[in-house]
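Student: I'd like a close look at one single part of this model, please. Pick a residue, tell me about its surroundings, and then carry on to other spots worth a look.

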Amino acid sequence: MRRRAGLITCLALFALAAGCGKKTETGGQASTGDSTVAESSTPRDGGTVIRRLDSECKTLNWVLYTTAYENFVLRHIYDPILDYDEKGNMVPVLAAALPEVSDDHLRITVRLRTDAHWQDGTPITAKDVKFTLDKVRDPKIPAINKAAYFEKLDHLEVPDDHSLVFVWKEAFAPALFAITQLWPIPEHVYGKGDFLTHPANRKPVGSGPFRLDEWVSSQYLSLVRYDGYYGEKAHLDRIIFKVVEDDAVALNMLKAGELDEMRATQVQWEKQMNDPDFGSRFRKVDYYFPGYNFIAWNCRSPWFSDKRVRKAMTLLFDRESVNTKIYSGFARLVSGPFYINSWAYDKTVQPLPFDPPAGKALLEAAGWKDTNGDGIRDKAGKKFEFELNIISGSNTAAQFAQLLQEECTKAGVKINIRQIEGATFFDRIDKGDFDAAMLGWRLDLDPDIFDTFHSSMTPPNGLNHGFYSNPIVDSLLVAGRAEFDQARRAEIYHRVQRIMADEQPYTFINTVPDKRPIARKIHGVKIGPLGPYDFWPGANYWWIDEGDGRVAAKP
Amino acid sequence: MLNYAIRRLLLLIPTLFGITVVTFIVINLAPGDPVELINRGEMDARISPAAYHQMLHLYGLDEPVHVRYFTWLKRVCTLDFGTSFLDHRPVTQKIVERLPATLWLNVTSFLIALVLAVPLGLYAALRQHSRFDKMGGTALYVLYSLPEFWVALLLIMFFGVKLKLLPINGMVSIDARDLGFFPYWWDRFVHMILPTFCLTYGSLAFLSRFVRGSSLEVIRQDYIRTARAKGLDETRIIYTHVFRNTLIPVLTLLGLLLPTLISGSIILESIFSWPGVGNLFFGAVLARDYPVVMGLSTITAVMVLLSTLIADLLYAWADPRVTYR
């Protein structure tokens with residue numbers, strides 16, 4: 001279950017959904033901004049925070065939502081059953097305790113709190129959870145993005161009002177992560193009437209510390225503290241989400257005090273957020289979101305079936321200068337297919353160096369020599385000339401590609417860079433119809449990469465677009481998703497990473513931090529592995545300094 | 001005349017049919033489909049091929065294009081534009097919800113442009129080659145060539161951030177509904193200033209140059225010379241003879257501009273987070289929300305066709321030399 005992007009860093013809209021930290025070794029690692037959050041003031045009730053929404057919400061039905069923006073809002077209105085805290089430890093929220101896993105790993109039992117209730121006073125029961133899961137898995141309801149987490153779930157048992165038993169078809173380590181992705185909605189509200197057009201989709205009855213007060217279409221959403229909340233009450237009176245689609249306008253609003261936080265672009269971060277006035281009003285928070293950029297090599301093509309050639313391509317690609325030239329040093333090189341802050345990522349595996357002579361030597365060894373003196377290597381009458389697909393509209397991807405192209409030309413390899421419009425681009429990738437392609441993955445916190453690298457997952461079955469196949473990796477990936485012990489599982493994935501460092505199914509490039517300025521008057525900001533929001537309790541318990549009278553409190 | 005109008009109305013049917021067929025085919029040819037796009041971007045959890053086809057079926061996208069077109073056409077004949085793929089609400093409801101915002105902005109801008117452009121153009125024509133004409137002309141050409149989004153950002157920076165005089169985003173302030181009657185409308189008014197300005201200056205420049213051109217043509221006519229020769233006073237010449245005749249081509253142009261009143265400006269609406277039709281259309285195209293795209297295209301097409309017809313009829317009404325049979 002990976003999310004992809006045509007070079008993560010170039011897409012304006014990413015960030016993510018319901019993800020939450022799965023036991024990361026280090027929390028969200030700050031690279032450059034001042035993410036350290038020293039708290040001096042004590043929590044104070046009252047006040048309003050105004051956040052930016054990059055795009056209008058379609059729905060506030062948890063089952064139907066699809067974008068990160070909707071998730072931002074939903075995280076205040078609904079509570080999860082289980083979630084991860086900012087250190088990546090699993091914590092119960094609607095659950096009374098952590099889940100119990102049976103010895104054969106097939107049954108996962110969760111007990112719900114008995115005191116939790118919906119915002120209309122009705123108790124939250126196991127039946128609501130079952131109802132939600134049934135809706136997620138209903139073929140008539142477009143919730144495939146969430147249903148995908150439960151493909152290996154056999155069924156859900158509800159022995160009593162506050163007990164849930166998730167029964168899985170096989171021992172499946174990502175199962176716990178899947179359960180954190182299930183946020184119940186109330187059956188007594190959604191059970192009647194048409195689900196897709198239900199009025200409650202725009203007027204949700206939630207379970208969280210905030211409730212929706214007003215939704216002015218494509219203008220703003222106003223949430224107010226829900227005082228009847230079963231857990232610890234929130235401090236803020238209100239959280240307002242303003243819809244601001246344009247990045248430049250958002251920055252202006254931030255500076256004018258009409259927004260308290262936003263997602264910044266690379267250029268804004270570097271050039272427009274450095275003056276002392278800005279620094280005194282905002283802290284700059286950056287964090288590595290799970291994901292990385294890479295070049296996929298098609299292992300079925302005449303050139304890249306040989307691992308020596310793939311390795312040579314990596315050696316010919318000056319990834320370090322990509323970082324310094326394109327990201328001004330704001331990115332980190334990666335050496336494998338896992339999230340760099342995850343326990344699954346083996347930090348001892350170094351990225352291959354930039355070493356053109358070694359690259360050329362590998363090409364020679366693989367039999368690619370320039371026999372006819374035209375400056376391009378060939379073998380058995382086949383020229384080393386291939387097409388590198390990149391998504392159109394991405395300057396960053398184009399710059400990456402040109403850097404590689406230049407070095408390859410010197411080494412006698414001809415690259416034709418081809419820019420393709422988004423949907424067509426992904427269509428070709430999905431079919432495995434390319435020589436090489438520049439891409440990015442957004443990852444889940446669970447490190448399972450079966451779908452992207454197992455040999456059974458080649459197009460059209462899965463996401464192994466480059467037709468990579470290695471029997472050892474195959475068996476490790478199968479073992480990895482069945483192993484519930486984290487240390488043993490980590491060892492499995494470290495082996496996978498070492499094999500891939502040698503075989504280079506991809507040229508792993510880098511990972512780029514997400515960047516957010518957050519007003520200094522806001523306190524209680526914690527930074528989890530996925531930044532300030534995607535963990536429990538996220539932004540639910542923020543508080544702010546003495547009010548500035550911008551927006552009135554709500555009764 | 002009536003005969004002509006009826007014939008023209010009947011001609012609308014095949015034209016409209018052609019337009020919808022082409023639009024339907026083009027939007028369906030555009031790569032990507034809604035199922036894929038709804039789930040791409042931020043949340044691209046993997047969808048198994050079976051689940052994917054199930055979704056296509058849910059949206060009725062597993063049928064061939066021509067079958068889908070006729071299903072759509074059948075529904076449209078009963079004025080049912082279907083429901084949006086994104087939030088499952090009726091397309092008509094979504095459009096109607098967005099229409100007031102766009103109308104507010106566009107009608108205001110249109111009226112301002114018209115009220116200013118006619119005297120400006122007329123005056124420039126009467127004083128052709130004067131300093132006013134030359135400088136005004138240059139200034140208007142400069143205005144006309146300034147890109148809206150750029151001007152909008154400069155204004156936002158200046159009036160919103162530096163001076164903090166004007167709101168720079170949206171149609172109303174937060175909690176405007178709690179304000180009294182006058183403060184509420186004042187709030188609406190100040191929110192309109194920047195977008196209206198950005199929307200107006202281009203069409204003002206264009207319209208006033210157009211009025212100037214058409215006045216110049218009228219002024220050179222024999223009947224104006226005759227009027228002057230027989231000693232009619234200048235004011236009467238201008239108001240009864242020049243002005244009225246100048247309006248004839250302008251009238252035609254206005255007819256053609258009418259549809260833009262409801263279609264909305266995609267760029268400005270998105271910069272100012274203006275909840276209008278342009279914004280809706282743009283989002284729908286990006287998400288391949290076929291029902292919304294088709295609904296808006298059809299309505300715009302009908303508007304264009306009708307307003308061309310109205311412009312032609314007005315033309316006959318304003319200019320007795322033109323007759324239709």
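Tutor: Let's start with His105(A), which counts as partly exposed because it has 16 C-beta neighbours inside 10 Å. (On this scale, 20 or more other C-beta atoms within 10 Å makes a residue buried, 12 or fewer makes it exposed, and anything in between is partly exposed, with C-beta atoms placed from the backbone.) Keep in mind that this is a predicted model: local features need pLDDT of at least 70 and side-chain atom pairs count only at pLDDT 80 or more, while totals for chains, interfaces and linings use all residues. Residues are numbered from 1 along each chain as its sequence is written, and chains are lettered from A and ligands numbered from 1 in the order in which they are written.

Back to the histidine: the phi of His105(A) is positive, near 65°, and this residue isn't a glycine. You'll find His105(A) in the loop between strand 5 (100–101) and strand 6 (107–111) of chain A. (Helices, H or I with at least four residues, and strands, E with at least two, are DSSP runs numbered from the N terminus.)

Ser328(A) is another non-glycine with positive phi, near 45°. Its loop runs between helix 10 (319–327) and strand 14 (332–333) of chain A, and Ser328(A) is partly exposed, with 14 other C-beta atoms within 10 Å.

One joins Pro459(A) and Pro460(A), with omega about 5°; Pro460(A) sits in the loop between helix 14 (450–453) and helix 15 (471–482) of chain A. The bond from Trp536(A) to Pro537(A) is cis too, with omega near 0°, and Pro537(A) lies in the loop between strand 23 (522–523) and strand 24 (543–544) of chain A.

Now for burial in a helix. Helix 1 (residues 68–77) of chain A has ten of its ten residues buried, so it is largely enclosed by the rest of the structure. Among those buried residues are Glu70(A), Arg75(A) and His76(A), along with Phe72(A) and Leu74(A). The buried residues of helix 1 of chain A pack against strand 2 (48–53), strand 9 (210–216), strand 10 (220–225) and strand 11 (238–243) of chain A, where contact means C-beta atoms, placed from the backbone, within 7 Å.

Technical notes
Two residues are in contact if their C-beta atoms, placed from the backbone, lie within 7 Å.
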